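Hello,

Here is the structure I promised to pass on to you.

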Amino acid sequence: MESTGTDIPAQRGDAADAVTSLKAQVTGDLMDIVVDLDAGDGCRLRDLRDGTEYLDMTMFFSSATLGHGHPGLRTPEFEAALVRAGRVKPSNPDFATVEQARFAETFRRVAGDPQLPLLFFIDGGTLAVENALKVAFDWKTKVNARKGVAIRGSRVLHLEKAFHGRSGYTLSLTNTDPSKIRDYPMFDWPRIPSPAVVPGDDWDDPELLPHERVAVEAAEAALRRYGREIACFVYEPIQGEGGDRHLRPRFLRAVQELCREHDVLTVADEVQTGALTGRAWAYQALGLEPDLVAFGKRMQVCGVMGGRRVLEVEENAFREASRISSTWGGSLTDMVRATRILEVIESEDLFEHSRQMGELLLGELRALVAEFPSVVRDARGRGLMCAISFADPDKRNRALAVARDHHRTLFLPSGTDSLRCRPPLSVRPEEVVDAVSALRKTLVELA
């Protein structure tokens, strides 16, 4: 695909040293790729330095909702709106703009939940989760006071294998890679087993599975021990960073019921799963009813949706002035982009399209597992959130490198031994087939 016109020699000259320069100055895990922002087509990403094309199953860690070069993001009207919003960075919580109002309304229409009418916007998924926790701490303390109990809501019930961020409160919840939390001060909050299941024959079993029962009993024990100190239970419907680990609705509903009995809010961390599982939200696909939902990534703007039992306290943290806030309250430029992306999702019915493409992708991955049973296993997915695991973690790492360097296809690691696919909502069938074909060639080489 030809560039749109701004791929000038000066840019290519700057690009030649971009990776080296950034590595010398900025913390990161940079691939040896310089993204050409003016090129790209669907899942095809181009290196600005020499035009090399990659089939991209990462989508910038699942944040490029419509892939590369989507025509809906190339219109003169949209680009003019971006430039207009980009000239200034207003403090959105304090100064109204038509752009923010339009985004909030579009978000509500395309991805909103009538049971979660309260909205809070901020930059960063970690801060979205953190502010959801603050809402819960505030709520629980006020509920306790209303019942004559002088105890602050100050603890969070959470799962093993969880990743909720790397800042402040969320460090106490994240427990995937030890290097991400090592030596940082953290709260000793109650952690229960995470009874993940590879979706299969027992997925719809109406009874709790044995390892799920153990986790529910651990939750009950924590609620008995800490009583009114526990403000909320936070969970990822699918644990992405932990290894694309799927939690059954039956288990999550059991914990949800416990939380209601004990005046504890439930918080769905959908920073990774939002707009990825064939619905706007994974909790909808699983039949859950969270009180708070943290979102980010594919939504472009991060934040919190709140409602249900939060509304039982009239002066909740959403409504009490300056109880939760930030200077910018999200980026206005991101809101303009998000508005357009949501409009495209709506007009092209991309939630349904992504569900269908997810079925295709999962079928292809299952065929791959059947072909290489000694190398890969456990093809799993919901919507476009798909993964496979490797018998040998080192082979997973080599597979990522071989796919990138030999077959120009980009995948992401997940957990200690899994490889994850995160294509855009607009992915085409041939791109799905080509990606799995590249992975098949990679496994042949490794074998």
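**The open sheet and its helices**

Four strands form an open sheet in the order E12-E13-E16-E15, and their pairing is antiparallel. Strand E12 (376–382) and strand E15 (412–414) are at the edges with a single partner strand each, so one side of each has no neighbour in the sheet. On average, neighbouring strands here are turned by 30° against each other, direction ignored.

Before I go on, a word on the source: this is a predicted model, in which local features need pLDDT of at least 70 and side-chain atom pairs count only at pLDDT 80 or more, while totals for chains, interfaces and linings use all residues. Residues are numbered from 1 along each chain as its sequence is written, and side-chain values use heavy atoms, with hydrogens and water left out.

Helices (H or I, at least four residues) and strands (E, at least two) are DSSP runs, numbered from the N terminus. Two strands pair if DSSP finds at least two bridges between them.

Back to the sheet: E12 and strand E13 (residues 385–390) run antiparallel and are joined by five bridges. In this pair, valine 376 stands opposite phenylalanine 390 of E13. Helix H11 (residues 350–371) packs on the sheet and touches E12, E13 and strand E16 (418–421); contact here means heavy atoms within 4.5 Å. The direction of H11 makes about 170° with that of E12, where axes are lines fitted to C-alpha atoms (for helices over the stretch in contact) and angles run from 0 to 180 degrees between N-to-C directions. Helix H12 (residues 393–407) also packs on the sheet, touching E13, E15 and E16, and its direction makes about 165° with that of E15.

**H12 against H13**

H12 also packs with helix H13 (residues 429–446), at an angle of about 120° and with the axes 9 Å apart. H12 and H13 are therefore oblique to each other (angles under 35 degrees count as roughly parallel, over 145 as roughly antiparallel, 65 to 115 as roughly perpendicular and the rest as oblique). On the H12 side the contact includes Lys395, Arg398 and His406, and on the H13 side Lys441, Thr442 and Glu445 are among the residues involved.

Is arginine 420 buried or exposed? At 6% relative accessibility, arginine 420 is buried; buried means under 20% relative accessible area, exposed over 50%, and partly exposed in between (1.4 Å probe, protein chains only). Arginine 420 sits in strand E16, and its side chain reaches the backbone oxygen of proline 413 at 2.4 Å. That is a polar contact, a pair of N or O atoms within 3.5 Å; within protein, one must be able to donate a hydrogen and the other to accept it, and residues adjacent in sequence count only if both atoms are side-chain atoms. Setting aside neighbours within four places in sequence, the contacts of arginine 420 include Phe61, Glu241, Asp244 and Gln272.

Glutamate 241 is in the loop between strand E7 (238–239) and strand E8 (245–246), and it is buried at 17% relative accessibility. Beyond four places in sequence, its contacts include Lys180, Gln272 and Arg420.

**Three residues to look at**

Phenylalanine 61 lies in helix H3 (residues 59–62). Its phi is near 55°, a positive value in a residue other than glycine, and at 46% relative accessibility it is partly exposed.

Aspartate 183 has a phi near 70°, again positive in a residue other than glycine. Its place is in the loop between strand E4 (155–159) and strand E5 (191–192), where it is exposed, with a relative accessible area of 74%.

Phenylalanine 187 lies in the loop between E4 and E5 and touches Tyr169 and Ser172, not counting residues up to four places away in sequence.

**Other strand pairs**

Strand E6 (residues 230–235) is mostly covered, with six of its six residues buried. E6 pairs in the parallel sense with E4 over three bridges and with strand E9 (residues 265–270) over four bridges. Strand E3 (residues 118–122) has four of its five residues buried, and five bridges join E3 to strand E11 (residues 302–306), the two running antiparallel.

Best wishes
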